[in-house]
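Trainee: I would like to go through the labels used for this model. Please tie each one to its cut-off.

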Amino acid sequence: MATALVAVWATPFVPASLAARIRDGATWDILSILASSMLMVATFALGAMVTAFAAAAQSATPRATRVLIEDPFSQNVLSTFLGAFVFSMVGLVALGLGYYSRAGEAVLLLASGLVTALVLVTFFGWLDQLVNMVRLGATVAKIADRAEAALLSRAAAPHLGGRRRPEAPTGHALAAAETGYVRHLDMPALQRIAEAAGGEIAVASLPGDLASPATALVHTNWRPDDDTAAAIRAAFTLGQERSFEQDPRFGLVVLAEIGSRALSPGINDPGTAIGVIAVQQRLLTLWAEARSEEAEAPRCPRVLVPPLDARNLFEDAFEPLTRDAAPLLEVGLRLQHSLAALATLGPAGFARPAQHLSAKAMALAAEALPLEADRARLRAAAEKVAARPL
């Protein structure tokens, strides 16, 4: 809109010879073509994206569509097409009102050429993006990137900038006012509340947990009044769906859903499940290597937060696959090899949960695999996991 309306102010810089070369109606014709085509292209782009989102939900999991919807490139594509449409419409209205001189039309024509070039570049890039959007491998990679970012962020600040919470916090329990998943936790807000009260706040519901009036959000070592309780609840953003940002476990859950769906009888794609197991192994290894005890002074020392539990991470990443991979030797072997590799990460406390899931997967496979030779191969792999020291 600004480009179309301020073109008149650039007329002093337009040579008179250039303005004289523009035929009557040329700018109007080009803007008319741009306006009509951009409206159709934007509608087509939106319809194609919705179709791609539906395809991703069918091939991967409905939880994966949010990653595609939030993709900045896809949003930029629609913004560019709609922006070009608005530019051309504003230019047409201004032309109809006689807003431009001949030199102003020259500036508007030049701007139309730049907008057209931008639309073409965006359109060809969007075609490549659209092809990759419906590929299951690309969807897995996008989710893995979001999960990796959340895991590394949490590894750098295992207590979200606060202090480590005791195993069994005591004090006054404050429950949520409604039921929903914790999507975001405002640590600085909790720190300010605790400082004003001269107390401490122990967080009981982390991002990803399902909060309700029957479960505690926090425990405080003082009894907050109604206004303070409302402020504490306001520091927790609740929603009907989990979020990737502060919830590193959610990315592992979504990846596990993709692997589990790939093993369903209707799809029967063990290769995707094997790939998901490898991704989960890589993510957990990155978290173990990057994990910190927050050596720096905590930014919110009056807020106590529990760290991530390795057992929960293993269950999120591999629990569905231990069940669904039971009748498939190749997937079971890949699972056992990944658990054996993760069990070696002693400082991260991975040995015990790895051995637990390995034994469970072996017990399920012992009933599902018909051949003793296959069971023996899987048993040998599981024994390597069990041999890791705790």
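Mentor: Start with burial. Buried means under 20% relative accessible area, exposed over 50%, and partly exposed in between (1.4 Å probe, protein chains only). The model is predicted: local features need pLDDT of at least 70, side-chain atom pairs count only at pLDDT 80 or more, and totals for chains, interfaces and linings use all residues. Residues are numbered from 1 along each chain as its sequence is written, and side-chain values use heavy atoms, without hydrogens and water.

Trainee: Why does Trp 287 count as buried?

Mentor: Its relative accessibility is 2%. The limit is under 20%, so Trp 287 is buried.

Trainee: What makes Trp 287 and Phe 350 a stacked pair?

Mentor: Rings of Phe, Tyr and Trp (its six-membered ring) pair if their centres lie within 6.5 Å; planes under 30 degrees apart are stacked, over 60 edge-to-face, the rest tilted. Here the centres are 5.9 Å apart and the planes 10° apart. Hence stacked. Phe 350 is buried too, at 0% relative accessible area.

Trainee: How do you know that α7 and α10 are roughly antiparallel?

Mentor: Helices are DSSP runs (H or I, at least four residues), numbered from the N terminus. Axes are lines fitted to C-alpha atoms over the stretch in contact, and angles run from 0 to 180 degrees between N-to-C directions. Helix α7 (residues 136-156) and helix α10 (residues 248-262) pack at about 155°. Under 35 degrees is roughly parallel, over 145 roughly antiparallel, 65 to 115 roughly perpendicular, the rest oblique. So α7 and α10 are roughly antiparallel.

Conventions
Helix = DSSP H or I, 4+ residues; strand = E, 2+ residues; numbered from the N terminus.
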